[in-house]
Amino acid sequence: MNIKKIKKISKEDDAPSILTKRTKLEKVVYAIAFIIMFIYAISLLYPLFYLTINSFQDALVYTDNLIKGENPFAFPSTWHPENYITAIQGMYMTDSWGEKVYLPEMFFNSLWYCGMALVAGVFSCSCTAYILSKYRFKGRNFIYGLFIVVMTLPITGTGGADFKLFSDLGLYNNPLYVLITNLGGYGFNFLVMYGVFTNVSWSYTEAVFIDGGGHFTAFFKVMLPQVISPIIMLGVLGFIGQWNNYTTPLLYLPDFPTVSAGLYRIQKSFLRDGDKPAYYAGLMLATIPLIVLYMCFSEKITKNMAIGGLKG
Amino acid sequence: MQSKKKEYKTIFPEGSTDISDNDVAVVSPKKKRNSLKIQETVFIVVLMIIPLLHVAIFFFYKNMSAILLAFQDARTGDWTLDNFPKFWEQLTTPVGNNIGMAFQNTMIYFGNKIFLVMPLSLIMSFFLYKKVLGYKVFRNVYYLPAIISSLVMVTAYTQFINPKGPLDQMLTLFGQSLPPEGLLGREETATTTIAIFVIWTSFTTDILLFSGAMSRVPFEIIEAAKLDGCGPAREILSIIFPLIWPTYSTQFIFALTGILSATGPILLFTNGKYGTTTISFWMFNEVYGDGTIGGTGSYSMISCAGLCFSAVVVPLTLFIRWLVEKIDVAEY
């Protein structure tokens with residue numbers, strides 16, 4: 001009697017034979033797809049590679065190579081890690097008070113800017129999503145519809161009114177701007193958390209009520225911990241988005257430049273002086289934390305990213 | 001006959017001496033229901049009050065303020081309708097870096113998003129879903145443009161298309177070369193160059209979302225399709241696409257919502273020169289100016305332009321959204 005060996009199927013490949021079994025024509029198609037996708041992936045890695053190589057280049061050699069059209073990917077004959085020191089200690093921009101703002105201060109600004117934005121944004125969206133997905137009360141449908149309308153109406157031209165409003169509220173050039181503007185509780189985060197809470201069983205809350213707990217206990221001690229994974233995903237994505245956002249700090253927080261806004265303002269003066277490798281070093285310093293952060297949470301982000309539609 | 005009293009356990013504040021640990025408090029059902037209802041109401045109000053205030057101030061008040069600004073003179077603040085003829089003149093003048101040029105470029109970026117980026121994202125997501133060789137690496141690398149700052153991507157891209165850069169060296173092999181002023185220094189090529197950059201860096205969130213949606217398609221459906229001899233084209237068109245339609249349509253609606261703010265990193269590339277301005281950049285620049293506090297101060301023209309564009313685009317968007325929602329969702 002022949003006993004067939006049962007092939008161990010890994011967690012990742014629940015059904016490898018169907019998803020990966022291909023006909024000859026499909027193999028050709030997938031081969032072409034692979035080549036195109038590979039070339040595209042290489043092209044996306046090019047900026048990192050280019051900037052990393054040239055951030056260790058000598059400034060004069062870099063400029064000389066650029067003028068002569070020499071190989072831009074050539075490894076430096078002499079490596080200059082001091083470009084990174086120059087980026088930290090030598091690159092600065094001037095705020096409206098005439099004070100010099102260096103890269104470390106910009107990093108500090110980015111940290112509190114991103115932290116406040118994502119804590120306020122993710123928390124407020126979690127609250128509104130929980131209420132609207134789990135509770136039925138008068139006006140619930142109206143509020144949900146209102147949030148959807150606010151998100152999906154393509155209104156434009158409010159830049160001037162925005163500026164005037166924030167100035168009148170005293171939020172212009174004020175760190176509280178970040179907190180106040182992110183407490184809306186609607187937007188992409190709301191959609192994600194709404195879908196997440198919809199799929200969390202109400203029986204957890206009922207169990208809390210039976211044990212004598214209230215709604216606040218149920219939300220903060222039971223329901224929020226249930227959805228910690230998507231919250232972390234939104235937090236990471238929000239952090240990355242806010243870190244790279246340069247237009248909002250440029251407009252509304254000119255004296256609190258974040259890394260992105262500061263590097264934008266620096267590039268005009270620094271590149272004029274010709275020290276591009278040091279500028280590239282500054283860009284790399286701003287980018288490396290985000291890459292590390294994404295790599296730590298990439299699995300969580302991929303698994304939790306889901307939106308289901310705007311019906312309702 | 002002694003009436004039966006329903007006994008309920010209830011929570012007393014800590015430190016209360018009204019009841020011992022062994023006793024059970026007697027509370028009427030109606031009072032308990034009222035108490036729970038009040039707790040629930042307080043909970044809902046506490047959690048919703050700030051978001052609702054936020055909508056009231058930063059959506060309704062702000063938009064009303066913008067509408068009123070459209071009817072005010074920028075310098076004097078007097079009520080006027082003069083902004084509208086000025087807007088029309090700027091929209092219809094064929095030459096110059098004006099609102100008409102901005103609108104045209106905005107439509108280019110929007111069209112690229114809807115007709116190029118989203119369909120291509122769908123196809124690429126399909127191959128990732130089908131586990132093309134290296135799919136795990138591709139999935140992470142394709143998200144890099146969302147992680148890496150625009151400053152980095154623009155800097156590298158600008159150096160690549162520099163007249164003495166790698167692109168010029170590649171073209172030299174074919175007997176061609178870039179113009180001396182570069183692709184970004186000419187009106188004929190500047191917008192196209194930036195549009196190509198935007199397409200190059202746009203396959204991030206869509207791929208992540210579409211791949212996620214595809215991974216939730218029940219395996220049994222794919223298996224049944226395979227057993228029926230379904231090829232990849234039929235699979236993506238007749239099975240995958242209908243099943244991930246809620247995700248695709250949501251992204252489509254978000255893209256539609258951003259129709260007037262479709263743009264590229266104009267500030268980083270050309271600062272709006274060489275015919276590259278978009279509606280979004282034009283409005284930003286009117287507020288930001290050269291960085292001085294308050295920018296140019298011409299908020300009235302921004303509000304007027306916004307009002308006119310929104311008056312046309314909002315009903316159009318709502319109509320298209322209604323059409324999209326008419327499409328049946330495949331349940332599984």
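In chain A, helix α7 (residues 159-168) has as its buried residues Gly160(A), Ala161(A), Asp162(A), Phe163(A), Leu165(A) and Phe166(A). Here buried means under 20% relative accessible area, exposed over 50%, and partly exposed in between (1.4 Å probe, protein chains only). Helices (H or I, at least four residues) and strands (E, at least two) are DSSP runs, numbered from the N terminus. After α7(A) comes Gly170(A), with a positive phi near 75 degrees.

This is a predicted model, in which local features need pLDDT of at least 70, side-chain atom pairs count only at pLDDT 80 or more, and totals for chains, interfaces and linings use all residues. Residues are numbered from 1 along each chain as its sequence is written, chains are lettered from A and ligands numbered from 1 in the order in which they are written, and side-chain values use heavy atoms, with hydrogens and water left out.

Chain A contains 15 helices and two strands. Of its 312 residues, 49% count as buried.

In chain B, Val45(B) belongs to helix α1 (residues 29-69). Val45(B) is partly exposed, its relative accessible area being 46%.

Confidence is expressed as pLDDT, given by the predictor for each residue from 0 to 100. Chain B averages 84, and 87% of the residues score at least 70. Over residues 1-25 of chain B the pLDDT is below 50. Where pLDDT is low, the predicted coordinates should not be read in detail.

For the complex, the predictor gives an ipTM of 0.83 and a pTM of 0.84.

Conventions. Contact means heavy atoms within 4.5 Å.
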